[in-house]
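User: Hey, I'm new to this one. Can you walk me through it?
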Amino acid sequence: MKAGRPRHIGARVQRFEDIRLLSGSARYIDDVRLPDMLHLMFVRSDTAHARIRSVDTSALSDLEFPTWVFTGKDTAGLSMKAHQDYPEMQYSEQPLLAEDRVRFVGEPVAVVLAEDAYKAEDAAEHIFVDYEPLPVVGTMEQARDAAIPPLFDGWKSNVIVQRQMKGGDLEAAKAAAAHVVKRTYRTQRQAGVPMEGRGVVARYDHSDRVLTVWSSTQMPHLVRTYISEELGLPESRIRVVAPDVGGGFGVKGQVYADEVLIAWVAMKTGRPVKWIEDRREHLIASIHARDHEHTLEAYVSADGRLLGLKADITVDNGAYSTFPFTSAGEPGMVGKVLPGPYDFHAYEATFRAVATNKCAIGTYRGVARPSAVFSQERLMDDIATELGMDPFEFRLKNIIREFPYRNVLGFTYDAGSYAESLERMRKLLAEDVAQAAASHGSRTKRIGVGIACFIEQTAHGTPDFTRRRVPIETGYIAARVEMSPDGEVTIDLGLQNHGQGLETTMAQVAADALGVQPENVYVRHGDTLTTPYSVGTWGSRGGPLGGGAVHIAASRIADKLRAIAAHLLQARPDEIELADGLASVRDNPGRHIKISRLARIALRNVDQLPEGMAPGLEAQFSLDGPRDGTYSNAVHAAVVEIDVPTGKMKLRRFVVIEDCGTILNPLVVDGQVRGGVVQGIGSAMFEHFIYDGECQPLTTSFADYLMPLAPEIPNIEVHHIETPTPLTPLGAKGLGEGGAIGPAAAIANAVSNALGVNVSATPLNGNAIWNLSRHLRDAS
Amino acid sequence: MIEITLEVNGVTKTLSVEPRRLLADVLRQEFNLCGVHIGCAHGACGCCTVHQDGTPRLSCLTFAVQCDGASIRTVESLGGPTAEHSLQQAFRSEHGLQCGYCTPGFLMTLVPFVDEMVEIGRRPDDEEIREAMSGNICRCTGYHGIVAAVRKAIDDGLGEGSVA
C-alpha cells in the first residue's frame, strides 16, 4: 500500500492545536470541575523507612467542616503489581496506601477529603502517623551489602533482579586485544518534571455503574485496564479521559497507584473526587529517572578495532516497581542498547536493579539510553585518547556501514546514516576543533568539543516486549478514520497528544491518503470512549506507528472512494487519483468528481453506489511495531567554554545531525529535537535529585531542583538526513526521545577535551567543573 | 472573609474571599479563566503570570486580597479565542509552544517586553530576549521557538526599515 505523491507529509504545516493552547482555551486536568466534587489531599510519609505504629484520624472531628478519610486498612489488598516474568526477580508490590510499613519519603499513607481544596489541606494536618523508624538502604553499595536486611519480607537481598545478556566469544576478544580500557561511569538521579504536574478526577455513577476517570496520563487505555483488573469493574463501564496534558516525557507514561485509588475513593464516597498534585509531591513521589552506574571494559586491537565489550550495570531503583515497565526495564535497556552503532562481535552485560528507600525509577525521555550513551560515548573518547586517535577517526573505524546489520545480541538494525552523519559533523565542527586545540595551552580559558554518536531503537513492537516478558505486553497503535457525508474526516487516534503535534501531523498523513486538505481532518484522542484500544504515547512511536496506522486506515477509505469514483466516471479504480478534494481520471483530469460528493453517495445517496457495495466510509487499523523496532540515528556535538579561574562553563554551540527516516512535519521534528536536547542539557549540567544519608529528599522545589532556563541555552542547530525505513508504512522512524539521549555524552566529552581530564560522572554543574579544572588553577 | 473588588479582562466582580486565597485560584475559579496555570505554586516557573495594573505578576505568590481595586489581565484578554495577538501568532509560526502549559505565562511575561521594544524602536539580540524570559520555565521547546517568536513579533511590530 504505497502513498500517492505526498503533498502534506513533509510540509511545515503550522499546528492546529496551537490556537486553543495560545488563547487559554485548552482544558487540562485542573480545569475539570464537577458538581458536588470533593477535593482529596494525601498524607505522605515523612520518613524513608519505618513501620507504621498507628494512624490517628480522631482530630478530624475537631474541624467545623465535613471530612472523609481513608487509610491503608481501608484499601488493604489493593496494590500496584508490576512484575516481569523472570524467575529470579523479587516481587515488590506497592499498596495503594501504606498499611504497616513505608519505604520512601512521599509514600501515601492516608487520604483526606473535603469540599474545598484549602480545607482538605487543613484536614491533612489533623492526621497523625506514628512511625517506628527502620534503618535505611540509601545507596547502591548498601543495597548490595548482604548484611543489610531487605526492604521486603521474604526477599533474599536488596538486589531486585540481576541478569545477563551476551553474544560472541568475549574470552577470545580479550585474548586478542592489544588494549584493555576499563572505566566506571555514573549518571545521577533526576526527576522528569512536565510543567503541569499530574492529577486525577473520578466520578462513579451508581445507577448505570459507569466509572469515569480523568487523568493527566499518556496511556488512558492502560489506566482503564489496570483499574478494571484491580477494582473488578468491567472495562466496558470504565471511561478514562486524558484531557489536554501539559507535558509528559514518560513521567505520565506509567499507571500510578493514585489513579486506581482515586477511582476507588469516588466509588466509596459516591461523590466525584479531585486530586491535583502539587510540585513537592511531584518531585518526591511521581517517578524518578536515571541513577545508573556502569563499569565497562573494552577490548581493542592494536590498530583501533573494537573487539569486545564487557559491561556491569547497576540502577538504584528505589523501593517499588512501576507499571508497566517494571524495575527490570531500566537496567535491562542499558544492557540491550550498549552495543550501539559500532561493529563488534563479543559482548557480555550483567545488569541489576537494586532497592533503596527512594522514589521508584520509571520511564523518562530516553529511558536508560541517556545513561547508556553517556557511558558508551565517554568510553569511545577514552579509548581514542588511550590509543592516541582522533575521536572521529576512532568512531569511523568502528562504525557500522552495511545494512541491515545484525548486532552482537541478534538485533537487526535497518538502514541508517551512521558514517555519513559523523563525516558531516566533522566538517561542521572543523573550526571549533581548531579553536579548542588552540586554547589548550591556556590556564584561563579553555574550549572543548565533544560528540556523541548513537542509535535509538524506536517503535518497539510486541515481539520486543514478549522477549522481555514485561507487563506492557504489546506496542501497537490503532487509528479509526471516518469520512462523514460532507467529506470531512475524523481520526480517532489511540495515541494521546501532549505536545507532539499529533493533531496536525496525523491530519497531514490522512490528507495525503484521501486527497483532502489537513484542515479537513479533525483528530480526536485521549478518550477511551471514542478511541480504539492502544498502548498510548511513549517509546517514540507516534510518527512511525500512529502515522502508519492512520495511513493504512485512510488508504482503505481511499480505495473505496476510488471504486465509487471509477463506477461513476466509467474508469478503472487504478486510474483514479485523489487530490485537492477531487477524484480525477489520470491523464484526463477533466473527468472528475468532488470527493465530498463521493462521501455523500457512500453515506446517504447509497442507491448510486456500485452494485453490491456496502454503505459507509470508515476503517480502523492497529499497527504493531517491527520485530526489532526501527533504528533512528544521530550525532550530537557540544562546544563548551570554561573560565578556569571561576569554573564557569558556557555552552557555546550545540549541533544535532539526526536521521528519523521520513519527516512528517519539519516544524514538529525540529521542535521535538530541540526540546529533547535542552532536557538532555539539563541532565548533563543542572538536574540532580538529591537524597541525604537518611534518604530525606533535599531538592523538593524548583529553587533546589534546577532545570535549564533560557539564558543558559544556545540556539540549537539541527540538520537532517532522511533514510526512510522499509519497516513502517511511511518510512518514518521515531524521534520523540532522541534529542534527550546525546547531550550528556557530548557535553562530558567536550569538558574532557577542554580540560584534558577524564570525566566519569554527571551532572557537570558549577561545582563539578570547579573540581575538574582544579589542576589548571593549582599549576598556575 | 474579606470583601474585594477585582476588574478582570473587563469584568468587575465583588467577592468575599479568605485572606489566604491565591489570586490564581480566584481567577481560575471565580472568573473561570482556565488560561491561568499553576506550575509550581512557589514562584519559580512563571506559568501563572498575569498582569496586575499592567505589570506582570505571579498569581501563585499573590493573595487575591492584595489586589482589591486592581485591574487584572490574563491570557484570555490578549487575542481572544482565536489567539489573534501578534505574539500569539508568532508563537504559532515559530513553534514556540508544544504542550502549551507554560505558554500563557510566557505570553504574559513577554507581551510587555515586545511592546516596549517596539515602542522604543529597538531590536534586542537573542541574549537579551533570553534574559527577558529567564523567570519562566518551558520544558518542551528548549526555548528556541520562543526566542524566534519574540524576535518575529518585534520585527513585525517595527516593520521593515523603521530602525536605523
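Analyst: One term to start with: a residue is buried if 20 or more other C-beta atoms lie within 10 Å of its own. By that rule, buried residues make up 59% of the 780 residues in chain A. Keep in mind that this is a predicted model.

User: How many helices and strands are there in chain A?
Analyst: Chain A has 21 helices and 30 strands.

User: And what are the spans of chain A along its principal axes?
Analyst: The C-alpha trace spans about 90 × 75 × 50 Å. Chain A has a radius of gyration of 28 Å, which agrees with the value near 28 Å for a compact globule of 780 residues.

User: What share of the contacts in chain A joins residues 24 or more positions apart?
Analyst: Counting contacts with a separation of 6 or more, that share is 79%.

User: Okay, the inside. Which residues have the most contacts in the largest nonpolar core?
Analyst: Ala510(A), Ile747(A) and Val751(A) do, in a core of 306 residues. Helix α15, residues 542–569 of chain A, brings the largest share of this core, with eleven residues. In general, nonpolar side chains tend to be buried together in soluble globular proteins.

User: What does Ile747(A) touch?
Analyst: Setting aside residues up to four places away in sequence, Ile747(A) touches Gly450(A), Ala638(A), Val640(A), Ile681(A), Ala684(A), Met685(A) and Leu764(A).

User: Switching to sheets. What is the strand order in the open sheet of three strands?
Analyst: The order is β6-β2-β8 in chain A, and the pairing is antiparallel. β6 (101–102) and β8 (128–133) are the edge strands, each pairing on one side only.

User: How many bridges are there between β2 and β8(A)?
Analyst: Six, with β2 covering residues 50–56 of chain A. Asp56(A) stands opposite Phe128(A), which is in β8(A).

User: Where does Ile52(A) sit, and is it buried or exposed?
Analyst: Ile52(A) is in strand β2 of chain A. Ile52(A) counts as buried because 20 other C-beta atoms lie within 10 Å.

User: What's around it?
Analyst: Leaving out neighbours within four places in sequence, Ile52(A) is in contact with several residues, among them Ala98(A), Asp100(A), Val109(A) and Tyr131(A). Val129(A) is also a contact of Ile52(A). The C-alpha atoms of Ile52(A) and Val129(A) are separated by 7.1 Å, although the two are 77 residues apart along the chain.

User: Which domain does UniProt list for residues 23–135 of chain A?
Analyst: The UniProt entry, which is unreviewed, lists "domain: Aldehyde oxidase/xanthine dehydrogenase a/b hammerhead" there. In the model, that span is 8% helix and 35% strand, and its end C-alpha atoms lie 52 Å apart.

User: New spot: why does Ala289(A) count as buried?
Analyst: Ala289(A) counts as buried because it has 30 C-beta neighbours inside 10 Å. Ala289(A) lies in strand β15, residues 288–300 of chain A. Apart from residues up to four places away in sequence, Ala289(A) touches Gln190(A), Gly192(A), Ile361(A), Gly362(A) and Tyr364(A).

User: Last topic, the two chains. How many residues does each bring to the contact?
Analyst: Chain A brings 42 residues and chain B brings 45 residues. On the side of chain A that touches chain B, α1 (18–23) and α17 (666–685) each supply at least two residues. α17(A) gives the most to that side, with six residues.

User: And how do the residues on that side of chain A divide by type?
Analyst: They split into 21 nonpolar, twelve polar and nine charged.

Notes. Residues are numbered from 1 along each chain as its sequence is written. Chains are lettered from A and ligands numbered from 1 in the order in which they are written. This is a predicted model: local features need pLDDT of at least 70, side-chain atom pairs count only at pLDDT 80 or more; totals for chains, interfaces and linings use all residues. Two strands pair if DSSP finds at least two bridges between them. Helices (H or I, at least four residues) and strands (E, at least two) are DSSP runs, numbered from the N terminus. UniProt positions are given in the numbering used here, feature names are shortened, and annotations may be inferred rather than shown by experiment. Two residues are in contact if their C-beta atoms, placed from the backbone, lie within 7 Å. Ala, Val, Leu, Ile, Met, Phe, Trp, Tyr, Cys and Pro count as nonpolar, Asp, Glu, Lys and Arg as charged, and the others, Gly among them, as polar. A nonpolar core is a set of buried Ala, Val, Leu, Ile, Met, Phe, Trp, Tyr and Cys residues joined through C-beta atoms within 7 Å. A residue is buried if 20 or more other C-beta atoms lie within 10 Å of its own, exposed if 12 or fewer, and partly exposed in between; C-beta atoms are placed from the backbone. The radius of gyration is taken over C-alpha atoms; the globule rule is 2.2 Å times the number of residues to the power 0.38.
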